[in-house]
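Please look at the chain below with its strands and helices in view, and keep it beside you while reading.

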Amino acid sequence: MELSPAPIRSLPGLAAGIRQTDRFALPVSVASIFEKTSLVPVYQVADGSVEREISAAAETIGVVADKLRRLVGAYGEWHHFDAPAYFDLFPEQTALLLHISERVSTVHVTFYADLLLPTFRRAERIWAEEFFPAYQAARPFTNAREHPSVYREHFLEMDQPKLLTYWERLWAVVAGARKILSDDIGFLASSGGSDERTRWQASWPQHPAAGLDARLLPALETVPTVTLTMIFPMPIHRQSGRMRRLRRMWERRGRNYP
């Protein structure tokens, strides 16, 4: 049994986790940690019917996309960028929702907006806290007729259908929100679905865990997400080694033009 997977904060990540339910130690639910602290109202996505959650999700994600767009100009105004203050989040929420990486001359920001969706958090929590341990108890799934098990029967009749219900609702919510946002320039400019799917490609096994419903095993390229990304130039005064690079450039020019 391998170590727990990377934190699951998106629908592609959850798809990868489900696919590898037979390969990890008991995971810790990211949603359970995330929900220990309440979000400010602007990030709270209304629960209820699928249609209501889709509408609320699209509105909230539009707000986040706008914050990311404005971050391009605001980032350089901070001596040390304070992500919790800018995004109006508690530090523990920021650690789960955001990943900020400063490169030599660019800043890469990822906002895991799937985690804002109530249906995503329920599905992730059910996978980690109910489905996963039930699957371990139900194994093995090969030669099942020769090794009957009440745990396997319970998994197939109760635990897997429960996760599948939330999985199909989650897929509908994410796809529906993306459809509403398809005309939103801010969302289109920051949509990070391709990057997030690529991130999980390396841990996407060709052969998924045995005994799983095919509906829980989509092709990675088809899995939707509202993960957002933004890449923008590092403010010049923040670029590490800027003066050193300028000095080398001046020296080269001096040699070329005596």
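## The sheet

Three strands form an open sheet in the order β1-β2-β3, and their pairing is antiparallel; here two strands are said to pair if DSSP finds at least two bridges between them. The edge strands are β1 (98-102) and β3 (228-233), each of which pairs on one side only. From one strand to the next, the twist averages 10°. Angles run from 0 to 180 degrees between N-to-C directions, and axes are lines fitted to C-alpha atoms, for helices over the stretch in contact.

The model is a predicted one, in which local features need pLDDT of at least 70 and side-chain atom pairs count only at pLDDT 80 or more, while totals for chains, interfaces and linings use all residues. Residues are numbered from 1 along each chain as its sequence is written, and side-chain values use heavy atoms, with hydrogens and water left out.

## How the strands are joined

A hairpin leads from β1 to β2 through three residues, and β1 pairs with strand β2 (residues 106-111) in the antiparallel sense over five bridges. Along this pairing, I100 stands opposite V109 in β2, and S101 stands opposite H108 in β2.

The pairing of β2 with β3 is also in the antiparallel sense, and it extends over six bridges. One of the residue pairs here is T106 with its bridge partner P233 in β3. Helix α3 (residues 50-74) lies across β2 and β3, and it runs at about 10° to β3.

## The chain as a whole

The secondary structure of the protein chain comes to 10 helices and three strands, where helices (H or I, at least four residues) and strands (E, at least two) are DSSP runs, numbered from the N terminus. Read from the N terminus on, the elements follow the order α-α-α-α-α-β-β-α-α-α-α-β-α.

Of the 258 residues of the protein chain, 47% count as buried; buried means under 20% relative accessible area, exposed over 50%, and partly exposed in between (1.4 Å probe, protein chains only). Among contacts between residues at least 6 apart in sequence, 75% join residues at least 24 apart, a contact being heavy atoms within 4.5 Å.

## The largest pocket

The largest pocket has a volume of about 270 Å³. A pocket is found on a 1 Å grid over the protein atoms alone, as an open set of points where a 1.4 Å probe fits, with protein on both sides within 12 Å along at least five of seven lines, and lining residues have an atom within 4 Å of a point. Grid points are joined across faces, edges and corners, and the volume is the space filled by probe spheres set on the points.

Which of the 15 lining residues are the closest to the centre of the largest pocket? They are R103, H108, T110, D195 and T229. The elements that give two or more residues to this lining are β1, β2, α9 (193-201) and β3. By type, the lining divides into four nonpolar, seven polar and four charged residues; Ala, Val, Leu, Ile, Met, Phe, Trp, Tyr, Cys and Pro count as nonpolar, Asp, Glu, Lys and Arg as charged, and the others, Gly among them, as polar.

## Individual residues

S190 has its place in helix α8 (residues 185-190). Is S190 buried or exposed? S190 counts as buried because its relative accessibility is 0%. Not counting residues up to four places away in sequence, S190 touches A65, L68, T227, L228, T229 and M230.

T222 lies in the loop between α9 and β3, and it counts as partly exposed because its relative accessibility is 44%. T222 and P12 are 210 residues apart along the chain, and their C-alpha atoms are separated by 9.2 Å.

## Backbone details

Most residues other than glycine have a negative phi, and most peptide bonds are trans. D88, although not a glycine, has a positive phi of about 60°; this residue is found in the loop between α4 (83-87) and α5 (91-97). A cis peptide bond joins R139 and P140, with omega about 5°, and P140 is placed in the loop between α6 (118-138) and α7 (150-180).
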